[in-house]
Amino acid sequence: AAARATLAAPRRYLPVRANIDLSVDGGALVVEASPAPDRVISDAQTREELPGVRVRGEDDPVSTDTAVNQAFDGLGATFRLYWDAFGRSSIDAAGGTLPATVHYGDRYDNAFWNGERMVFGDGDGEVFTGFTQSLSVIAHELTHGVVEYSGGLAYSGQSGALNESLADVFGALTEQHAAGQEAAQATWLIGEGIFTDAVQGTALRSLRAPGTAYDDDVLGRDPQPAHMRDFVVTEADNGGVHINSGIPNKAFFLVATALGGYAWDRAGHIWYLAMTGGSLPPSADFVTFAAETLAIATQEYGEGSEEVDAVRAGWIGVGVIE
Ligand code: ASN
Ligand code: ZN
């Protein structure tokens with residue numbers, strides 16, 4: 001009988017871009033591959049239309065446009081934190097594209113994740129300079145994508161404040177990782193460098209001291225609480241998602257600084273697993289999230305460990321648990 005023709009196996013493509021690192025170890029050649037980001041930066045040319053014109057991808061030269069390069073480099077640094085510290089490749093954990101748009105809108109005073117891409121305004125030049133100036137802002141927006149891919153946290157009330165807090169935590173960790181900084185050396189600020197000199201303030205938010213990042217004639221005072229007794233009940237800002245995020249932000253700061261060393265190693269590891277582990281309902285509140293971080297610390301480091309004690313003390317310190 002004639003052999004049946006076999007269909008050629010479908011051609012397989014590597015799902016991710018990779019860096020190949022060669023080194024020599026005791027005379028042996030070591031070849032290591034690590035995933036590399038696939039960044040695509042577009043320019044909205046001051047219109048509020050997305051995605052805008054594609055201006056820089058991985059194989060393109062450095063742009064003449066600073067905002068383009070800041071977005072490109074910032075996404076690269078965020079990708080490296082997620083890969084080096086947590087073994088995650090990109091927003092989707094599968095090496096997917098990192099899409100961003102710069103020069104969104106005319107003097108637009110914000111940056112956001114729209115469910116598909118990161119979007120950065122240039123700021124009005126009076127209060128804000130460009131939002132790509134700050135690595136923690138770029139990593140904040142990318143982390144909204146990670147949260148969404150991990151099942152999401154509904155963007156209002158406490159779950160929304162947790163969503164915001166995770167974006168800030170991994171924003172701060174990205175800056176610390178890029179600078180090789182330990183918890184004790186870090187600024188714990190989000191958005192340093194995006195205010196103009198006219199503003200009395202160093203940054204948008206502080207994880208170390210929520211409520212103190214700025215105190216300005218125009219902006220007023222940063223209204224973030226750092227303890228449940230000061231929880232703000234409001235209709236504004238989706239129920240205060242950027243306000244009450246100060247409480248879980250401070251909890252993370254307390255845990256990370258109690259443990260010391262690089263914040264991503266242990267505190268960040270626990271928070272990363274809580275964020276991406278799939279156990280949080282989208283409606284999770286602070287108590288649910290605290291319980292999840294305690295369960296993960298116990299699973300990863302054991303009952304009675306320094307890590308479990310630090311996590312418990314952190315949440316007690318902000319009044320989420322007793
Ligand atoms: N900058 C804000 C954020 O990413 C934008 C917003 O509230 N949608 O949280
Ligand atoms: Zn946010």
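Helices (H or I, at least four residues) and strands (E, at least two) are DSSP runs here, numbered from the N terminus. With that settled, Thr46 sits in the loop between strand 3 and strand 4. Keep in mind that this is a predicted model.

**The loop between strands 3 and 4**
- Thr46 has a positive phi, near 65°, and Thr46 is not a glycine.
- Further along, the peptide bond from Leu50 to Pro51 is cis, and its omega is near 5°.
- Pro51 belongs to the loop that runs between strand 3 (39-43) and strand 4 (53-56), and Thr46 lies in the loop between those strands too.
- For background, most residues other than glycine have a negative phi, and most peptide bonds are trans.

**Around ligand 1**
- Which residues surround ligand 1? They are Asn110, Ala111, Phe112, His140, Glu141, His144 and Glu164.
- Two elements each give two or more residues to this shell: strand 6 (111-113) and helix 2 (135-149).
- Helix 2 supplies the largest share, at three residues.
- Sorted by class, the shell holds three polar, two charged and two nonpolar residues.

**Helix 6 against helix 7**
- Helix 6 (residues 267-276) packs on helix 7 (residues 286-301) at an angle of about 120°, and their axes are 9 Å apart.
- Roughly perpendicular stops at 115 degrees and roughly antiparallel means over 145, so helix 6 counts as oblique to helix 7.
- On the helix 6 side, the contact uses His269, Ile270, Trp271, Leu273 and Ala274; they meet Phe289, Glu292, Thr293, Ile296, Ala297 and Glu300 of helix 7.
- Seven of the residues in this contact are nonpolar, two are polar and two are charged.

**Helix 5 against helix 8**
- What angle do helix 5 (residues 246-259) and helix 8 (residues 306-317) make where they pack? About 145°, with 8 Å between their axes.
- The crossing of helix 5 with helix 8 is right-handed.
- Helix 5 brings Ala251, Leu254, Val255, Ala258 and Leu259 to the contact, while helix 8 brings Glu306, Glu307, Ala310, Val311, Ala313, Gly314, Trp315 and Gly317.

**What the UniProt record marks**
- An unreviewed UniProt entry puts "domain: Peptidase M4" at residues 51-148.
- In the model, the span 51-148 is 36% helix and 18% strand, and its end C-alpha atoms lie 19 Å apart.
- The UniProt annotation "domain: Peptidase M4 C-terminal", also from an unreviewed entry, covers residues 152-320.
- Residues 152-320 come out at 47% helix and 5% strand, with 21 Å between the end C-alpha atoms.

Conventions: Residues are numbered from 1 along each chain as its sequence is written. Chains are lettered from A and ligands numbered from 1 in the order in which they are written. This is a predicted model: local features need pLDDT of at least 70, side-chain atom pairs count only at pLDDT 80 or more; totals for chains, interfaces and linings use all residues. UniProt positions are given in the numbering used here, feature names are shortened, and annotations may be inferred rather than shown by experiment. A residue is near a molecule or strand if its C-beta atom, placed from the backbone, lies within 6 Å of it. Ala, Val, Leu, Ile, Met, Phe, Trp, Tyr, Cys and Pro count as nonpolar, Asp, Glu, Lys and Arg as charged, and the others, Gly among them, as polar. Axes are lines fitted to C-alpha atoms, for helices over the stretch in contact, and angles run from 0 to 180 degrees between N-to-C directions. Angles under 35 degrees count as roughly parallel, over 145 as roughly antiparallel, 65 to 115 as roughly perpendicular and the rest as oblique. Two residues are in contact if their C-beta atoms, placed from the backbone, lie within 7 Å. A crossing is left-handed if the near helix is turned anticlockwise from the far one by less than a right angle, and right-handed if clockwise.
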